[in-house]
Amino acid sequence: MAHTMEPVAKKIFKGVLVVELLGVFGAYFLFYKMNTSQDFRQTMSKKFPFILEVYYKSIKQSGMYGVREQDQEKWLNSKN
């Protein structure tokens with residue numbers, strides 16, 4: 001019985017590993033896109049503000065200050 005479970009366990013492990021890798025690459029892509037595009041951050045602020053809040057907090061923790069303020073200033077000026 002244990003011998004027949006090994007292939008199933010390996011498949012499950014590989015599946016979990018693939019899902020984990022997709023999650024890591026997806027998070028990196030999202031961070032990269034938000035870090036390089038103010039327009040994308042504006043889109044995120046409208047559709048997923050909680051994700052943008054996590055981005056702002058993470059870059060503040062890394063020592064980058066003023067990004068939120070720059071975004072808000074540009075978005076306010078673009079409305080006028």
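Which residues in α3 meet which residues in α4? I started my notes there.

**Ground rules.** I am working with a predicted model, where local features need pLDDT of at least 70, side-chain atom pairs count only at pLDDT 80 or more, and totals for chains, interfaces and linings use all residues. Residues are numbered from 1 along each chain as its sequence is written, and side-chain values use heavy atoms, leaving out hydrogens and water.

**Entry 1: α3 with α4.** I found Leu 52, Glu 53, Tyr 55, Tyr 56 and Ile 59 of α3 meeting Val 67, Arg 68, Asp 71 and Trp 75 of α4; contact here means heavy atoms within 4.5 Å. I sorted this contact into 6 nonpolar, no polar and 3 charged residues. For the classes, Ala, Val, Leu, Ile, Met, Phe, Trp, Tyr, Cys and Pro are nonpolar, Asp, Glu, Lys and Arg are charged, and the others, Gly among them, are polar. Helix α3 spans residues 49–61 and helix α4 residues 67–79 (helices are DSSP runs of H or I, at least four residues, and strands runs of E, at least two, numbered from the N terminus). Their axes come within 9 Å and cross at roughly 135°. I take axes as lines fitted to C-alpha atoms, for helices over the stretch in contact, with angles from 0 to 180 degrees between N-to-C directions. The pair is therefore oblique (under 35 degrees is roughly parallel, over 145 roughly antiparallel, 65 to 115 roughly perpendicular, the rest oblique).

**Entry 2: α2 and its partners.** Next I looked up α2, residues 38–47, which packs with α3 at about 130°, the axes being 6 Å apart. These two are therefore oblique as well. On the α2 side I noted Arg 41, Met 44, Ser 45, Lys 46 and Lys 47, and on the α3 side Pro 49, Ile 51, Leu 52 and Tyr 55.

How do α2 and α4 cross, and within what distance do their axes come? I read roughly 85° and within 11 Å, so α2 and α4 are roughly perpendicular. By class, I get 2 nonpolar, 5 polar and 4 charged residues in this contact.

**Entry 3: the largest pocket.** I noted a volume of about 150 Å³ for the largest pocket. A pocket is an open set of points on a 1 Å grid where a 1.4 Å probe fits, with protein on both sides within 12 Å along at least five of seven lines; lining residues have an atom within 4 Å of a point. Volume is the space filled by probe spheres set on the points, which are joined across faces, edges and corners. Among the lining residues I saw Glu 53, Tyr 56, Met 64, Gly 66 and Arg 68. Helix α3 gives the largest share, 5 residues.
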